[in-house]
Amino acid sequence: MARGRIEFRQYVPQATRQAAGKRAAAAAAKRGGAWTPVKAEPRTRNITTTVWGEAWCENLERYRDYANRLPRGRTYIRNGSVVHLEIASGKIVAKVNGSSMYDVEIRVAEVAAARWEAIVATCAGDIGSLVEVLEGRLSAAVMGVMTAARTGLFPEPREISLKCSCPDWATMCKHVAAVMYGVGVRLDHAPALLFVLRGVDPGALVSVAATGRIVGALGEEDDGALAVGDLADIFGVELAEPTTDATDTATRKAPAVRKAPAARKAPAARKSPAVRKAPAVRKAPAVREPAVTTRVRRRG
């Protein structure tokens, strides 16, 4: 190869790629390593369909470092080239079916403790339940905090390390770009993976919010007790109001203590069977001697 010249592999039709990808996935399944493909809906205008997926993709597109390579990645994610994508704490691993099967590994730094604490403190009191977080049913103010550049939950380019086995020299090749978009598609179906990737617990958002509401409710009560209405507001459930009937307010008797069942007696030991006597020996029958008959001849 001449100096300064880049050789590109021969173009492989999409149908051929898909067939090869299916064969590779089937072979991996036989070895016990099933692949989890990801594909964007081809007929929709946007690659993602939920607030978390869209927020992830918008975060990618705001950085100049990624602008030139992202369009090719959108094509690859739409045509099903990302045949495997797995998200773990601080890491994304994937396989992209291009001219060959390429391995992609993306490292994402965990959210700094101070940054996460600031997010939790800012959002405290505005989140009612973990379900609201995972379904994206959050106020515009909370989503603004979560998705803010440099201070939110989404990573910046300096927090991301990219690696692909393809010969492309670019920092973000089209295979990596496809995987980055694939993460957004994955978040459409499993938003909790974003918190797994960044190494934080989404339950902290709810626990702090609930604690603040409980403390506030306690401060409004003279005797430090929570009213039924406060409990219903805090936990999002309907509780019946207490009745004033004398029969309901009377002290209930403590249930009688049940006696422990008497210990069962151990079964009596079985007697060993009597030894049978040997049958008596039969006497041999007496030998009968034949009677001797004497005949007397009479004379003459």
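What share of the contacts in the protein chain with a separation of 6 or more comes from residues 24 or more positions apart? After that, please take the sheet and helix H8: which strands does helix H8 touch?

Modeller: This is a predicted model, in which local features need pLDDT of at least 70 and side-chain atom pairs count only at pLDDT 80 or more, while totals for chains, interfaces and linings use all residues. Residues are numbered from 1 along each chain as its sequence is written, and side-chain values use heavy atoms, with hydrogens and water left out.

The share is 69%: that part of the contacts with a separation of 6 or more is between residues 24 or more positions apart. A contact means heavy atoms within 4.5 Å. The protein chain has 12 helices and 4 strands; these are DSSP runs, helices being H or I of at least four residues and strands E of at least two, numbered from the N terminus. Of the 300 residues in the chain, 32% are buried. Buried means under 20% relative accessible area, exposed means over 50%, and partly exposed lies in between (1.4 Å probe, protein chains only).

Now the sheet. Strands E1 and E2 run antiparallel and are joined by 6 bridges; two strands count as paired if DSSP finds at least two bridges between them. One of these bridges has Leu85 with Ala94 of E2 as its partner. The hairpin of E1 and E2 has 2 residues between the strands, and Gly90 there takes a positive phi near 75°. Strand E1 is mostly covered, with 5 of its 7 residues buried. In a regular strand the side chains alternate between the two faces of the sheet.

Put together, the 4 strands form an open sheet in the order E1-E2-E3-E4, with antiparallel pairing. E1 (82–88) and E4 (160–164) stand at the edges with a single partner strand each, so one side of each has no neighbour in the sheet. From one strand to the next the twist averages 10°. Strand E3 (residues 101–108) pairs with E4 over 5 bridges in the antiparallel sense. Glu105 has Lys163 in E4 as its bridge partner.

Helix H8 (residues 174–189) packs on this sheet and touches E1, E2 (91–97), E3 and E4, its direction making about 65° with that of E1. Axes are lines fitted to C-alpha atoms, for helices over the stretch in contact, and angles run from 0 to 180 degrees between N-to-C directions. H8 has 16 residues and reaches 23 Å from its first C-alpha to its last, close to the expected 22 Å; the expected span is 1.5 Å times one less than the number of residues. Because 14 of the 16 residues of H8 are buried, the helix is largely enclosed by the rest of the structure.

Part of what surrounds H8 is helical. Two packed helices are described by the angle between their axes and the distance between the axes. The axes of helix H4 (residues 70–78) and H8 come within 7 Å and cross at roughly 65°. The crossing of H4 and H8 is right-handed, a term used when the near helix is turned clockwise from the far one by less than a right angle, with anticlockwise counting as left-handed. On the H4 side the contact is made by Leu70, Arg72, Gly73, Arg74, Tyr76 and Ile77, and on the H8 side by Lys174, His175, Ala177, Ala178, Tyr181, Gly182 and Val185.

Helix H2 (residues 51–61) also belongs to this picture. Its buried residues are Trp52, Gly53, Ala55, Trp56, Cys57, Asn59 and Leu60. They pack against several helices, including H4 and H8. Rings of Phe, Tyr and Trp (its six-membered ring) pair if their centres lie within 6.5 Å; planes under 30 degrees apart count as stacked, over 60 as edge-to-face and the rest as tilted. By this rule there are 5 aromatic pairs. One of them is Trp116 with Phe195, edge-to-face, at 6.5 Å centre to centre and 70° between the planes. Trp116 lies in helix H5 (residues 113–123) and Phe195 in helix H9 (residues 192–198), so this pair ties together parts 79 residues apart in sequence. Both Trp116 and Phe195 are buried.
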